[in-house]
Amino acid sequence: MVLAFQLTQGEFTLDIDERIEAKVTAIFGPSGSGKTTILDAIAGLRVPSRGTIAIGDRLLFDSSASRNLPPQHRRIGYVPQDVGLFPHMNVRRNLLYGRHPGSSPPLDRVVRMLEIEGLVDRRVPQLSGGERQRVALARALMCGPAVLLLDEPLAAVDLPLRRRILPYLQRVRDEMALPIVYVSHDRDEVRMLADHVLLLDRGRVRQSGSPAAVLP
Amino acid sequence: MDVWHVTWFSLATAAGATAVALPIGVPLAWLLARARFTGRSLVETIVSLPLVMPPVATGLILLMLFGRRGPLGRALSWVGIDVVFTWKAVVIAMAVMGLPLLVRTARGGFEQVDRRLEQVAATLGAGPARVFLTISLPLAWPTVVAGAVLAFARALGEFGATIMIAGSIPGVTRTLAVAIYSYAETGQDRAAVALLAISTGLAFAALWGANRLAGGSRA
């Protein structure tokens with residue numbers, strides 16, 4: 001994955017130049033350091049002023065070639081911080097919204113992996129916080145993504161629930177062959193999930209390396 | 001007394017005007033709520049103009065556009081369609097006068113839709129049209145319906161623009177509002193009062209319904 005771009009928003013400038021080979025990359029840093037902006041740029045929701053974004057051999061953004069693939073063509077599984085489930089659809093319709101013939105995994109495989117078999121006919125407002133996280137994760141996987149972007153997936157849940165959801169994230173990491181970019185400001189989580197960490201501060205990568213080296 | 005015919009004609013033309021305004025007004029409301037484009041303020045101002053201009057002035061503009069010598073009227077007469085002083089003129093006048101209410105109300109509804117949901121839908125592979133039809137419109141639906149009801153109510157009460165472009169031809173273009181004026185002017189007070197009662201009842205029902213719908217969407 002190539003993340004080499006500059007993105008300016010008002011006073012804030014994000015400047016990043018990283019080539020990442022890891023399976024799970026954690027972006028770690030304080031609030032306002034630009035973590036979510038990186039995910040938005042990969043997803044095509046914010047446009048960098050210049051630079052390159054590529055996943056594998058797919059070029060998503062390249063200012064020198066005037067290439068900017070729209071979000072719907074990027075094949076991104078994005079779980080935002082507030083999970084973003086569609087409240088007017090039931091769980092099944094949420095899961096099938098992004099299904100892509102040919103690249104999507106079978107629904108029952110994803111549903112089994114995240115243990116949401118009993119939820120598929122429920123309405124979104126009936127779900128608990130932890131259930132929402134798992135359904136949002138399943139929906140992102142169901143679009144057959146080339147990369148999974150998780151924006152602080154455990155920030156809104158309390159510690160006991162966090163302990164229950166973490167194994168599901170580890171299962172996704174181990175069973176699905178796709179890179180994951182994971183935003184967090186929890187050291188323990190990062191150590192348990194990631195094999196590479198970008199330490200971000202005020203829009204710049206201060207350190208890049210293994211969790212043991214970056215977050216001793 | 002053609003009270004019932006006038007009522008029926010007004011309801012039918014107001015419904016027709018709402019049907020004409022919806023496919024124009026709803027996408028326009030969404031664009032004004034979400035898109036950033038050059039000339040956005042100009043579009044916004046033009047759409048709202050009928051709200052503040054004297055209705056007869058709007059009617060005169062329509063007459064100049066759709067009259068036999070107007071650009072649209074001439075084009076339509078080539079294909080055998082006459083607009084001025086027909087029921088079609090009534091529908092056009094009502095649609096133009098109702099459009100600002102529909103656009104302004106629906107726009108508020110679209111602005112309340114969580115933008116993140118539209119963005120997530122896009123990352124899941126949905127293009128702008130699918131995002132609009134499956135996310136934005138269903139979530140803003142109560143406000144869009146409330147806007148349509150307001151536009152319908154405004155159409156029912158339309159007078160100035162209608163009389164300019166459609167006149168007051170009994171049985172052909174005479175609407176509730178125009179008929180009340182005609183009856184009152186010619187001393188037919190009973191008919192005028194009967195129509196007054198009907199139009200008050202319809203306006204009350206429409207406003208009550210719109211308020212309930214808009215209130216429900218905020219709950």
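Predicted model: local features only at pLDDT ≥ 70, side-chain atom pairs only at ≥ 80, totals over all residues.
**View 1. Overall build of chain A.** Chain A contains 7 helices and 11 strands, and its C-alpha atoms occupy a box of roughly 45 × 40 × 30 Å when this is taken along the principal axes. The radius of gyration of chain A is 17 Å, which agrees with the value near 17 Å that a compact globule of 216 residues would have. Of the 216 residues in chain A, 42% are buried. Where contacts in chain A join residues at least 6 apart in sequence, 72% of them link residues at least 24 apart.

**View 2. The contact between chain A and chain B.** On one side of this contact stand 15 residues of chain A, and on the other 14 residues of chain B. The side of chain A that touches chain B is made up of 9 nonpolar, 5 polar and 1 charged residues.

**View 3. Packing of helices H5 and H7 in chain B.** Helix H5 of chain B, spanning residues 87–112, packs against helix H7 of chain B, spanning residues 128–156, at an angle of about 150° and with the two axes 7 Å apart. Because angles over 145 degrees count as roughly antiparallel, H5(B) is roughly antiparallel to H7(B). Their crossing is right-handed. The residues that H5(B) brings to this contact include Met94(B), Met97(B), Leu101(B), Leu102(B) and Phe110(B), together with the glycines Gly98(B), Gly108(B) and Gly109(B), while among those from H7(B) are Ala140(B), Val144(B), Gly147(B), Leu150(B), Phe152(B) and Arg154(B). Taken by class, the residues of the contact of H5(B) with H7(B) comprise 15 nonpolar, 7 polar and 1 charged.

**View 4. Packing of helices H2 and H5 in chain B.** Helix H2 of chain B, which covers residues 40–52, packs with H5(B) at an angle of about 120°, and here the axes lie 8 Å apart. This angle makes H2(B) oblique to H5(B), and the crossing of H2(B) and H5(B) is left-handed. From H2(B), the residues Val47(B), Ser48(B), Pro50(B) and Leu51(B) meet Val96(B), Met97(B), Leu99(B), Pro100(B), Val103(B) and Arg104(B) of H5(B). The contact of H2(B) with H5(B) divides into 8 nonpolar residues, 1 polar residue and 1 charged residue. Met97(B) and Leu99(B) of H5(B) take part in this contact and are also listed among the residues of H5(B) that meet H7(B).

Key:
Residues numbered from 1 in each chain as written. Chains lettered and ligands numbered in written order. Helix = DSSP H or I, 4+ residues; strand = E, 2+ residues; numbered from the N terminus. Rg over C-alpha atoms; globule rule 2.2 N^0.38 Å. Buried ≥ 20, exposed ≤ 12 C-beta atoms within 10 Å, placed from the backbone. Contact = placed C-beta atoms within 7 Å. Axes fitted to C-alpha atoms, helices over the stretch in contact; angles between N-to-C directions. Parallel < 35°, antiparallel > 145°, perpendicular 65-115°, else oblique. Left-handed = near helix turned anticlockwise from the far one by under 90°. Nonpolar A, V, L, I, M, F, W, Y, C, P; charged D, E, K, R; others polar.
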